[in-house]
Amino acid sequence: MTLTAPSPATPAPTGEPTLADTAPKVLALIAGYVGHRTVSIGLRQGLIRQLADGPGSTPDDLAEALDLDPFYVGVWCRGGLAAGVLDRAGSGYRLGDHIATLLLDTASPAWVGGVFAVTEAPEMFGRFEAHFATGERMWWDDTSPEWIAAVAGTGTPFYTRLVPGGLAKVPGLTERLEAGVRVVDTACGAGLGAVRLATAYPRSVVVGVDGDLHSVEQARERVAAAGLSDRVEVLHSALEDFTVDRPATVVINNISMHECRDIDRVAENVMAALEPGGWFVISDFPFPDTDEGLRSVPGRIMTGIQFFEAQIDDQLLPRAAYDDLLSRHGFVDLGSVQLTPMHALTWGRRPA
Ligand SMILES: C[S@@+](CC[C@H](N)C(=O)[O-])C[C@H]1O[C@@H](n2cnc3c(N)ncnc32)[C@H](O)[C@@H]1O
């Protein structure tokens, strides 16, 4: 056996990462930020829509169609190519495979185009840093209408996956919803879920409840515009205080249960609002409970959401926290399902 000393360029085999091993991790963060800004600009300026409608467009074509500067559009196109959202097509560009679905198709369960507006909004990181020293909290009525609209965009694919596909995973529920029951969407936000529920189950009656007045007004407008005011009503109430005049068969909560300031009181109110045998379905982000999970792409996005949640005095929760919550409030027949790495359902029933 011949033993040779390592050359000066070869690091000693200590197992420790070298500087060259680590630098790409940091550079990837910068690259991700560049890609994020590129996609956001492309969505806002209509470039991504224009490329979906006109694959093969050159920067000059895009600039002319959208009344933008051709040189700047060329810069943006190279950014989009670098980010992997554009491919070359002849002398122009086209959207990469599935990019139109992911970024533009608001009806797709895979749509993530709405998240870019949330991550760029001042409510996410800017306000957090501005109040770093004091930790000053806020609530939804301190946020802008643009923020509420952006959050509704983030919630949209969650509702798309929940209604009807996600709810169909809850044993026995779809038959009841189709036959016609009373459904409560707690923390209904801008009303998208209430409209989806009423549309998917035309014999059912839906009650939306939210604690933020601007969201309630948006929801009422959405319900009226959908022509559903005879079957959907929207109430303004904190979930910690809400009561119903008639028991519901199903109570759902989409991406909001973690926000309740007194989650136990809300669970008690939900139990009281349900008829015997009624279901409570929690649809939420499953926050990772391992370091490995945190470092996954979904985990990293969820840690970003925590910057906003901190400002309204909460944090996303691991999915299992809802098993504990439902168990300690006497719910039975608990179940859960992971719909995507960033979306899980947990359910339980009021004892019959
Ligand atoms: C992330 S948004 C989700 C809205 C909607 N479910 C969706 O998916 O688009 C959270 C909503 O929960 C409402 N909310 C949070 N905590 C609440 C509470 N304790 N009582 C009533 N509403 C609450 C907020 O006003 C906001 O509209």
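Which residues come nearest to the ligand among the 23 around it? In this predicted model, the answer is Gly155, Ala187, Gly189, Gly211 and Asp212. Helix H8 (145–166) and helix H10 (192–200) are the elements that give two or more residues to the shell around the ligand. H8 provides the largest share, with four residues.

Here is how the shell around the ligand divides by residue type:

| Type of residue | Residues in the shell |
|---|---|
| Nonpolar | eleven residues |
| Polar | seven residues |

You will find Val207 in strand S4, which covers residues 205–210. Is Val207 buried or exposed? Val207 counts as buried because 24 other C-beta atoms lie within 10 Å, and the cut-off for a buried residue is 20 or more. If you set aside the neighbours within four places in sequence, the contacts of Val207 are Val184, Glu233, Leu235 and Val244.

Finally, a look at the whole chain. The protein chain is divided into domain 1 (23–104) and domain 2, and domain 2 is made of two segments, 155–287 and 317–349. How many Å separate the centres of domain 1 and domain 2? Taken over C-alpha atoms, the centres of domain 1 and domain 2 are 37 Å apart.

Note on methods. Residues numbered from 1 in each chain as written. Predicted model: local features only at pLDDT ≥ 70, side-chain atom pairs only at ≥ 80, totals over all residues. Near = placed C-beta within 6 Å. Nonpolar A, V, L, I, M, F, W, Y, C, P; charged D, E, K, R; others polar. Buried ≥ 20, exposed ≤ 12 C-beta atoms within 10 Å, placed from the backbone. Contact = placed C-beta atoms within 7 Å. Domains from an automatic or database assignment.
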